[in-house]
Amino acid sequence: MDARIDTQQLASDNYAGICPEAFDSLLLANEGHAVAYGQDAWSQQAKQALRDIFETDCEVHFVFNGTAANSLALSAICQSYHSVICHELAHIETDECGGPEFFSNGSKLLLGEGADGKLTPASVEAIFGRRSDIHYPKPQAVSITQATEVGTVYTPDELAALGACARRLDLHLHMDGARFANAVAALGVRPREISWQAGIDVLCFGGTKNGLAIGEAVVFFNRELARDFAYRCKQAGQLASKMRFVSAPWLGLLANGTWLRNARHANALARQLVEGLEDLPGVQQLFPVEANSVFITLPESVIAALRQQGWRFYTFIGAGGVRLMTSWSTSESAVHAFISALRRALAETAQGQPPGERTQPPRGLLVRLARSAR
Ligand SMILES: *Cc1c(COP(=O)(O)O)cnc(C)c1O
């Protein structure tokens, strides 16, 4: 069954290990004792490293994962009677088990649309303008994901337009940056250009998918919103007592541009992968490949054949289809192995099947998203 269990997979960037630079910092932090609960020198230095990267005096808190980061950041913005406008594919909507609603004591997510997983100002305005009476949860924030759930990237212009829209409507702007590094690498911009300069109030900056074992940084550019945030973290079980082991690896990641190198590598391998899939019969690419994920549709028989060979991948993430992800540690040989396996599976099933078996047509949401104008 699991013929490939010990070899690289393209199922998720979370399948990858810890990058050596982060691991080295972890080992260094293990020498001697340090003050607990984030008051240690490692944590202070990691926060400063993030301020240096963003070129501004932001307030930083480290938490264990992205669900906590997003949920707590939004709870710092919203009261229970508020609402958050986000894309219908947003991780906060589809993959956080109601965490954002729970931690804000009931704030509602209002779902917007947009091609390629990107929320648009028009969609935000349409939702905002829907109701303004006392009976409807008051919009308080817009949440966007960079890079998006379908592996696309908001351009600086698109972000500026969303930032202006949010300001006009007096909404706070939250960014789920689980793959923020991949977006920075893809766009070749300075981090500030697609964060606070675009009007982002709070960014959940993902470390895990970029090469850490554990940890996301909640980065408040709007420091007002960070008031009492430490208490939220503690109450939610997100204040690590030995915080240095969460924070120190960030130093290894951020020093010498390792985080960007990791992201560039992942993005480049996704590009190699999609180039290898182009023109294969029965393979349909669903979204432009701009970061480190590739979404395709495949005939069901081919999906089964690949799984039989031990390949793992998700078919329910984002808009559906087969999602393939690359990471900081994905090897070219893994990409080549997948492409070869796919070619073989396509050829075999073409022989074994009655003529005319077609790629499983995309259904429902996927149809609507895939056909939206790009
Ligand atoms: C992975 C991911 C997260 C974080 O998920 P956790 O499993 O809670 O760490 C958040 N947003 C997006 C878009 C993600 O892909």
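1. In this predicted model, the shell around the ligand is made up of Asn65, Gly66, Thr67, Asn70, His91, Glu96, Thr145, Glu149, Asp176, Ala178, Arg179 and Lys209. By residue class, this shell divides into one nonpolar, six polar and five charged residues, and its largest share, three residues, is contributed by helix α3, which runs over residues 66-77.

2. Several polar pairs between the ligand and the protein deserve a look in the viewer. A polar side-chain atom of Thr67 is placed 2.6 Å from an oxygen atom of the ligand, while a polar backbone atom of Gly66 lies 2.9 Å from an oxygen atom of the ligand. On the nitrogen side, an N or O atom in the side chain of His91 is 3.4 Å from a nitrogen atom of the ligand. Of the 390 Å² of accessible area that the ligand has on its own, the protein covers 83%.

3. As for the site itself, the largest pocket is the space that the ligand takes.

4. Turning to the chain as a whole, the secondary structure of the protein comprises 14 helices and ten strands. Its radius of gyration is 21 Å, close to the 21 Å that the globule rule gives for 374 residues, so the chain is as compact as a globular protein of that length. The C-alpha trace spans about 65 × 60 × 35 Å along its principal axes.

5. Cys97, a residue other than glycine, has a positive phi, near 55°, and is located in the loop between α4 (91-94) and α5 (99-103). For context, most peptide bonds are trans, and most residues other than glycine have a negative phi.

Methods: Residues numbered from 1 in each chain as written. Predicted model: local features only at pLDDT ≥ 70, side-chain atom pairs only at ≥ 80, totals over all residues. Heavy atoms only, no water. Near = heavy atom within 4 Å. Polar contact = N/O pair within 3.5 Å; in protein donor to acceptor, adjacent residues only side chain to side chain. Areas by Shrake-Rupley, 256 points an atom, 1.4 Å probe, with all protein chains shown as cover. 1 Å grid on protein atoms, 1.4 Å probe; cavity = no way out; pocket = protein on both sides within 12 Å on 5 of 7 lines; lining within 4 Å. Sits in = over half its atoms within 2 Å of the grid points. Helix = DSSP H or I, 4+ residues; strand = E, 2+ residues; numbered from the N terminus. Nonpolar A, V, L, I, M, F, W, Y, C, P; charged D, E, K, R; others polar. Rg over C-alpha atoms; globule rule 2.2 N^0.38 Å.
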